[in-house]
Amino acid sequence: MADRKIRVSTVCTEPVVPLLLSLLLAWFGTGCSDDTTTTPDADGKADGEATEVIRPPTAVALQLNWFPEAEHGGFFAAEEHGLFDEVGLDVEIRPGGPGTQVVAQVATGRIQFGVTNADRVLVGQAAGAKTVAVMAAMQVSPRCVLVHENSGIESLKNLGRVGTLAISSTATWSLFLQKQVDLEGVQLVPYAGNVSQFLLQDDFAQQGYSISEPFVARAKGGRPRVLMVSDLGFNPYTSVLITRPELVREQPELVRRMVVASVRGWQEYLDDPKRGNQVIHRRNEEMGLPILAFGARELKRLCVTDEVSRERLGWMTAERWQQLAAQLVETGAIEADNLEVGRAFTNGFLPGKPTRGDADGG
């Protein structure tokens, strides 16, 4: 990570002291309200003129919800292009994996920021783990179901015609799917995390992310048809940047810098993902550059939509959050009494101005 610093300069009225002592006192905080002090310089400048002091970057950690993949591309682009450095942040991006409890870690203050999906924010809130979403990278969820092209199934409503469906049966989107689609004659089996069985069995369907599994299946000779769960109406914001309410209240400037740099990183990644993908590949060698390039192309239509332009990337609406909450209550994933949807998100740190529908939840 680049070791850039930011410079700040203000005027502070202190007695004239030697330059070295003045800088040391300013560094450790001795009565100045800001980060600089005044002293004659080598050319004998008068007292009252500011001397710049370099502030070290603020160290923060960002916990991913999975191993580094294209779904995290904007955060790695922000790191690679020095965008975190430019706002004075030294960000440690921590990989996730199976069982990573992002919401719990953020809610308890073990880590400042995390990446998760909107449904997990609400489920966590209902369980007492309160976090706040401060930007949403993906407007459209990449959650999908893969069926074979020769199955004749062209809609999730017809999914009951498959023989076997590999699915995480207790996931929120899965509970919604099972409420909306008649799967009475379908054998539900646990999702194995790969496409091996899908390639062997024509009447087999499985869950996936549209930015990865379809590529793998095609690369191995399969002909998958991708059915988006969002078309069924379940569409939580995805790759959401979260923090805890206390940080929003007590350190809003820190949150603002993190959000601004992350948004810029996502814009950079969508414009040209090559450098970001190289970083992801180094952090997760199982993600080859071809699959990452495929994922980045798919992300363009998931992050930028008719409702949210590139310039407004990250914005969220109260209507979407309320709809998601109602769906989670309907499926039994949460109880309505434990929800305060308006406290689950905020647009207050995003660049740009709000428009109708951008009600600030936080």
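How many nonpolar, polar and charged residues are found in the lining of the largest pocket? In this predicted model, the lining splits into 19 nonpolar, 21 polar and eight charged residues. The pocket itself holds about 1,600 Å³ of space. It has 48 lining residues, and the ones closest to its centre are Asn65, Trp66, Arg143, Tyr191 and Gln207. Several elements give two or more residues to this lining: helix H4 (102-107), helix H5 (118-126), helix H6 (172-180), strand E12 (204-209) and helix H8 (213-219). The largest share comes from H5, which puts in four residues.

Gly99 sits in the loop between strand E6 (89-94) and H4. Is Gly99 buried or exposed? Its relative accessibility is 60%, so Gly99 counts as exposed.

Rolling a probe the size of a water molecule over the atoms shows where empty space is left. The count here comes to one cavity of 30 Å³ or more. About 40 Å³ of space lies in the largest cavity. Its lining is made by Glu69, Ala70, Ile211, Ser212, Met287, Ile291 and Leu292. Sorted by class, that lining has five nonpolar residues, one polar and one charged.

Gly276, Asn277, Val279 and Ile280 are its buried residues. Why can these be said to line one face of H11? Looking down the helix axis, the buried residues fall within an arc of 160°, so they line one face. On the other side of H11, Lys274 and Arg282 are exposed. What do the buried residues pack against? Their partners are helix H2 (73-80), helix H10 (252-271) and helix H12 (289-303). Arg282, on the exposed side of H11, also joins Glu80 and Arg275 in a network of salt bridges.

That network leads on to the charged pairs. Side chains of opposite charge can pair when their charged atoms come close. The structure holds 13 salt bridges. One of them brings together the side chains of Glu149 and Arg223, at 3.0 Å from N to O. This pair links distant parts of the chain, 74 residues apart: Glu149 is in the loop between strand E9 (143-148) and strand E10 (164-166), while Arg223 is in the loop between H8 and strand E13 (224-228). With 35% relative accessibility, Glu149 counts as partly exposed. Arg223 has a value of 59%, so it counts as exposed.

In H10, Glu253 and Arg256 are three residues apart, which means about one helical turn separates them. Their side chains meet in a salt bridge of 2.6 Å, N to O. Glu253 is partly exposed at 43%, and Arg256 is partly exposed at 35%.

Arg301 is partly exposed, with 44% relative accessibility. An α-helix has 3.6 residues a turn, so residues three or four places apart point the same way.

Finally, there is Ser230, a residue in the loop between E13 and strand E14 (238-243). Why does Ser230 count as buried? The cut-off for buried is under 20% relative accessible area, and Ser230 has 17%, so it falls in that class. Leaving out residues up to four places away in sequence, Ser230 touches Val140, Ser141 and Asn235.

Definitions and conventions
Residues are numbered from 1 along each chain as its sequence is written. This is a predicted model: local features need pLDDT of at least 70, side-chain atom pairs count only at pLDDT 80 or more; totals for chains, interfaces and linings use all residues. Side-chain values use heavy atoms; hydrogens and water are left out. Buried means under 20% relative accessible area, exposed over 50%, partly exposed in between (1.4 Å probe, protein chains only). The arc is that of the directions from the helix axis to the C-beta atoms. Contact means heavy atoms within 4.5 Å. On a 1 Å grid over the protein atoms alone, a cavity is a set of points where a 1.4 Å probe fits but cannot get out, and a pocket is an open set with protein on both sides within 12 Å along at least five of seven lines; lining residues have an atom within 4 Å of a point. Grid points are joined across faces, edges and corners, and a volume is the space filled by probe spheres set on the points. Ala, Val, Leu, Ile, Met, Phe, Trp, Tyr, Cys and Pro count as nonpolar, Asp, Glu, Lys and Arg as charged, and the others, Gly among them, as polar. A salt bridge is a side-chain nitrogen of Lys or Arg within 4 Å of a carboxyl oxygen of Asp or Glu.
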